Amino acid sequence: MPDTPHSPQNDPSKAGRTHEQGAEANAPKSGERPAQGAAPAPNHYRSDPNRTHVHAHIPAPDVANAKYEHPVLAQPPEALTGLQLEERQKIAAGVTAVLKSMQFSWSEGGMTRGTHALLKMNQKDGFDCSSCAWPDPDEHRSVAEFCENGAKASASDSDHRAAGPEFFAKHSLAELSRMTDRDLNNAGRLTHPLVKRPGDNHYSRIAWPDAFDIIAKELNAIKSPEEAIFYTSGKVPNEPAFLFQLFAREFGTNNLPDCSNMCHESSGSGLTPTTGLGKGSVTLNDIHEAEVLIIMGQNPGTNHPRMLSALQIAKKNGAKIISVNPLIEAGLNHFRNPQDFMNPLRAMGTLLGGGTQITDLYLQVRIDGDMALLRGIMKHLFEAEELNPGQVVDHAFVKEFTTGFEEFKQNILDTSWEDIETISGISRAQLLEAANIIARKQKIIVCWAMGITQQRQGVETVKEIVNLLLMKGAIGKPGAGTCPVRGHSNVQGDRTMGIWERMPKHFLDSLEKEFGFKPPTKDGFDVVESIKAMRLGHTKVYFSLGGNLLAAGPDTEVIAEAMRKQKLTVYVGTKLNRGHLVTGETSLLLPTFAHADIDMQRAGHQMTSCENSMGVVSQNKGVLVPVEGDQLSEVAIICGMAIATLGSKTKTDWVAMTENYDVIRDHIARVIPGFEDYNRKLRKPGGFYLPNGPRERKFTTDNGKANFSKTTLEKYHLEPDQLVLMTVRSHDQFNTTIYEYNDRYRGIHGERRVLFMNPADMADRNIKAKDLIDITSHYKGEQRRVEKFVAVPYDIPKGNVSAYFPEANPLVPIGSVAKVSNTPTSKYVVVTVVPTAANNDLRIKEREKMMEQA
């Protein structure tokens, strides 16, 4: 990029604090815990129950026959890879996790490169793990501050293999689409910018200036900025995320969907009107100090394994843990801490012993029954309060800090035990056990994840969680509060940076003041609305900054058709995934750096930053020399696109921000409350805490109080043969990235196309273990069918089934969403299941007819 008079090269004042880049002399001593800022907490959630979403009906696609209609497969191939069943495990982690971590790291990154990456991951002078957003300890961090899944993510990012132009010249898009998702990821790191031109069936090499020119021409050719969609992955650090939303808004649109729309949007929508902040209120030390931990809709052993270490500390400190989940998960049962193998005094006991018991009471709730379960616990608590006045409900807290208590209380008391037991699947006696654990305790934390937020009643259930904490006064003090456990490494930080389709006025005003342009005020499209708009042909350009919407989103074939309708699709990524193969008329595949990669710009070795689940912002500084090729950083890609597209219309110095990321952070410091003096605070070892009102009992709601909610408990009717499906991850995947075909904690080896079923439900349908089955989802009279899954008997409530995503995503209707948050209901899909053989004759006739027509 050319020099400008205002670049750091010519004007040092524009370079932020270049002299501090990596300067340890200016940083506080290691282990110092940063104080929480005093500025008002920015709340980038607007919970508007009356918001009008895009309600256009998208007809159900012919999911089962889509593989015959398009040469490039949007769904993973149906070829089975060899299921071997074992008994599910009862202990998580242990020596196996250590061995698996080393195996992945050395096989993909090589022994030296892989080990170097692991030892720098989550360290104060290293880089942030690119998988989950679980926080690192404020003070001492072990040499191996990572978990098995973090090691897999690091190994994937550190991959020394290359998927360069020669690879794409050899393999067409159709051929690539017939590879498994694991094999696509294992093809290696993307190394050069690539283009698929109209009519081509291969990606081929293109120069960066030409790629930027294609983007600029297509964006500037559309009739309205609303015809462009800018999607973001939660893996994107703060600095590129801020620039991405800045570019989109300078271009003229708020169409900024992101993966948060599909995961914790329900959390933000439920927390904002009740506590005033769409984030959790606890710190990692609060977990250690809690007296009671309730873990709902979450499987930490697979999705957030480092959380088990925190739960182990809590247990040693005397905490009681209640686990609420339809599946019995190993990580919620017992835990062997791999760190203990490094201690000679504990190694043998850890190797031979049963590990730490995590759960004291396991409530195997029915899918979508969590709200009823919470009501049952609170109904018992109110009965206990009647018998022991003032000893169960924290009336002083309720009086001083809350509103709406009486209406909430009456709503709970009016709920019948019959409804509670029927909907939750949990007996009144079991719920009494839970209430007895909670009744006399005040330090209570509720942790939850997508098992709650992706329900139909996800937002209402989050409000019910808050109700429980408020009646106990269990918020705004050590050891107590809300803990939505975020998935991807910076999904929370991206929202803080402005990645949202409905940012509040104060944020847009700050952008205008800082950058001298008028941001658009019309709400943009979230993920579901973006998919609908694309599918209906209302948009022309789709730009994805990381991620894999095809595999992450609902209704896979609807998304695929939406992509095919675009004039241009642009995918920025580190490795190949299936979403890169289903394209618009023209498509660009642009390679970028991973968290572990060294990012050298004109001002030197750059760092970025991420915000974890508990609001700590810390540095991310790569340590590995990037794989040989022509990659650009995410910052450089965004700035190059902005310069080419906006031209003389922008007043923003995109060159300065490319050359030195301190310049970006200086802008952020003036735009977003809590980031004042950003560059200095980021250089403090361990980072700094963002302001958090609820943590200090400062509730920034409209009325300044924490609000109880009167929720609505809905009952739904199923036909006699129907079941309720939820999608889950396997142990050998993170989000949509598939590392292997195994899920060892659940006893699955060598296969992903499986359906976990209650043995009684299998018997009712004459289905035996390992039988091939077809699954059909039912929504408002429409059907979607996937074929060739394998039935697996499992300990799951009768009437419930479970399958992995992305394989089961084609069954999730685009129109089935949680109220208010518009989050797809991947945790509530009505299905029927039949043996594959039952449909063979009909299917053969359908295919013969299709072949004749073709």
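## A cavity, a parallel sheet and a helix pair

Strand 25 contributes three residues to the lining of the second largest cavity, the most of any element. This is a predicted model: local features need pLDDT of at least 70, side-chain atom pairs count only at pLDDT 80 or more, and totals for chains, interfaces and linings use all residues. Residues are numbered from 1 along each chain as its sequence is written, and side-chain values use heavy atoms, with hydrogens and water left out. Helices (H or I, at least four residues) and strands (E, at least two) are DSSP runs, numbered from the N terminus.

**The cavity.** The whole structure holds 14 cavities of 30 Å³ or more. A cavity is a set of points on a 1 Å grid, over the protein atoms alone, where a 1.4 Å probe fits but cannot get out; lining residues have an atom within 4 Å of a point. Volume is the space filled by probe spheres set on the points. The second largest cavity has about 340 Å³ of space. It is lined by 30 residues, and the closest to its centre are Gly 297, Gln 298, Met 450, Gly 451 and Lys 827. Helix 20 (450-453) and strand 25 (723-728) are the elements that give two or more residues to this lining. By class, the lining has 12 nonpolar, 11 polar and seven charged residues. Ala, Val, Leu, Ile, Met, Phe, Trp, Tyr, Cys and Pro count as nonpolar, Asp, Glu, Lys and Arg as charged, and the others, Gly among them, as polar.

Five strands form an open, parallel sheet in the order 12-9-8-14-15. Strands pair if DSSP finds at least two bridges between them. Strand 12 (361-363) and strand 15 (481-484) are the edges, each pairing on one side only. The twist averages 15 degrees from one strand to the next. Strand 9 (residues 320-324) joins strand 12 over three parallel bridges. Ser 323 has Tyr 362 in strand 12 as its bridge partner.

Angles run from 0 to 180 degrees between N-to-C directions.

Helix 9 (residues 238-251) and helix 23 (residues 505-515) pack at about 85 degrees, their axes 12 Å apart. That makes helix 9 roughly perpendicular (65 to 115 degrees) to helix 23. Phe 242, Gln 245, Leu 246, Arg 249 and Glu 250 of helix 9 meet Phe 507, Leu 508, Leu 511 and Phe 515 of helix 23. Contact means heavy atoms within 4.5 Å. The contact has six nonpolar, one polar and two charged residues.

Technical notes: Parallel < 35°, antiparallel > 145°, perpendicular 65-115°, else oblique. 1 Å grid on protein atoms, 1.4 Å probe; cavity = no way out; pocket = protein on both sides within 12 Å on 5 of 7 lines; lining within 4 Å.
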